[in-house]
Amino acid sequence: MKILLIDDHPLFREGVALLLKPLVEGLETWEAGSCEAAFELLAQRGSADLVLIDLGLPGLSGLEGLQRLRQDHPEVPVVVMSSSDDKDTVMAVLDAGAMGFIPKSSTSQVMLGALRLILANGIYLPPSVFLAARAAPAVAPTPAQATAVAVTPITGRRPADLGLTPRQADVLHLLLQGKPAKLIGRQLNLSLSTVKAHTSAVLRALNVTTRTQAVLAAGRMGLRFDEAGACQDASDACMASSNR
């Protein structure tokens, strides 16, 4: 497996590269200090299996780099690792097609668990995003109550429970991965109009209007995909996942 790590701090890159070694046997880590250097690496060595990217980069920003990666390499999952983990920032990277957001304040165990989930076609978000997405309560919750909100999704729901057909579930699965409609159509051998029709149906079933909202909704309900086996629970995040 090949992971491309894009960050402008060499010490951080070297530290993360060491922490990634237990992730999978035979891991190969590529390092780049900017988006421009990363695209040169990809041109020289071919596609990576996973990209980890910071947002605060010199030259082309991390968000712009993410958008270009999703355009040029839509099959490669991209994960943002950043010290800026406010709700607006997380929502922006999700809108751009990221498969997850890992705050740099996370522990190594959280990072590895999040990456295992993402490599299993899941989506990782920090629990703070789910707290921020909820309406503000009349009385502020205690820290323990707030944590319970973040880590206790309603688990066990499957696409069929939402009234979705197996093909609509397939579209939802790929939509949650940030795949564009054209790529979903090619992967499922469907016309673009059919993909759009299925997408509209799954968004209605989740009572949302965008892919980002679908990610949050699927995470809150702990959505599972039957063909992928059991959904994994993380100790500090809600997610939608599919293990293959």
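Figure 1. Asp72 is partly exposed, with a relative accessible area of 39%. Arg68 is likewise partly exposed, its relative accessible area being 39%. The two residues form a salt bridge in which the closest N and O atoms are 3.2 Å apart. Both belong to helix 3, where four residues, about one turn of the helix, separate them. An α-helix has 3.6 residues a turn, so residues three or four places apart point the same way. The coordinates shown here and in the other views come from a predicted model.

**Figure 2. Salt-bridge network of Asp7, Asp54 and Lys104.** Salt bridges that share partners connect Asp7, Asp54 and Lys104 in one network. The structure holds five salt bridges. In the bridge between Asp7 and Lys104, the closest N and O atoms are 2.8 Å apart. Asp7 sits in the loop between strand 1 (2–6) and helix 1 (10–20), and Lys104 in the loop between strand 5 (100–103) and helix 5, so the pair ties together parts that are 97 residues apart in sequence. Asp7 is buried at a relative accessible area of 0%, whereas Lys104 is partly exposed at 27% relative accessibility.

**Figure 3. Surroundings of Asp54.** Asp54 lies in the loop between strand 3 (50–53) and helix 3 (62–72). Its relative accessibility is 7%, so Asp54 counts as buried, the limit being under 20%. Leaving out residues up to four places away in sequence, Asp54 touches Ile6, Asp7, Asp8, Gly62, Met81, Ser82 and Lys104. An unreviewed UniProt entry places the feature "modified residue: 4-aspartylphosphate" at Asp54.

Figure 4. Arg13 and Glu31 form a salt bridge, with the closest N and O atoms 3.2 Å apart. The pair links distant parts of the chain, since Arg13 is in helix 1 and Glu31 in strand 2 (residues 28–32), 18 residues apart. Arg13 counts as buried at 12% relative accessibility, and Glu31 as partly exposed at 33%.

**Figure 5. Nonpolar cores.** The largest nonpolar core has 66 residues, and those with the most contacts inside it are Leu4, Leu20, Leu52, Ile53 and Leu115. Helix 5 (residues 108–119) gives the most to this core, contributing seven residues. Residues up to four places away in sequence aside, Leu4 touches Trp30, Ala32, Ala38, Leu41, Leu42, Ala48, Leu50, Val51 and Leu52. A second, separate core has five residues, including Val171, Ile184, Leu188 and Val195.

**Figure 6. Helix 11 and the residue that follows.** Nine of the eleven residues of helix 11 (residues 211–221) are buried, so the helix is largely enclosed by the rest of the structure. The buried residues are Arg211, Thr212, Ala214, Val215, Leu216, Ala217, Ala218, Gly219 and Met221. Just after helix 11, Gly222 takes a positive phi of about 60 degrees.

Figure 7. The protein averages a pLDDT of 80, and 81% of the residues score at least 70. Over residues 134–155 the pLDDT stays under 50, and the model gives this stretch 21 contacts beyond four places in sequence. Residues 227–244 also have a pLDDT below 50, with 62 contacts in the model beyond near neighbours in sequence. Where pLDDT is low, the predicted coordinates should not be read in detail.

Note on methods: Residues numbered from 1 in each chain as written. Predicted model: local features only at pLDDT ≥ 70, side-chain atom pairs only at ≥ 80, totals over all residues. Heavy atoms only, no water. Core = buried A, V, L, I, M, F, W, Y, C linked by side-chain atoms within 4.5 Å. Buried < 20%, exposed > 50% of the residue type's maximum accessible area, 1.4 Å probe, protein only. Helix = DSSP H or I, 4+ residues; strand = E, 2+ residues; numbered from the N terminus. Contact = heavy atoms within 4.5 Å. UniProt positions renumbered as here; feature names shortened; annotations may be inferred. pLDDT = per-residue confidence, 0-100. Salt bridge = Lys/Arg side-chain N within 4 Å of Asp/Glu carboxyl O.
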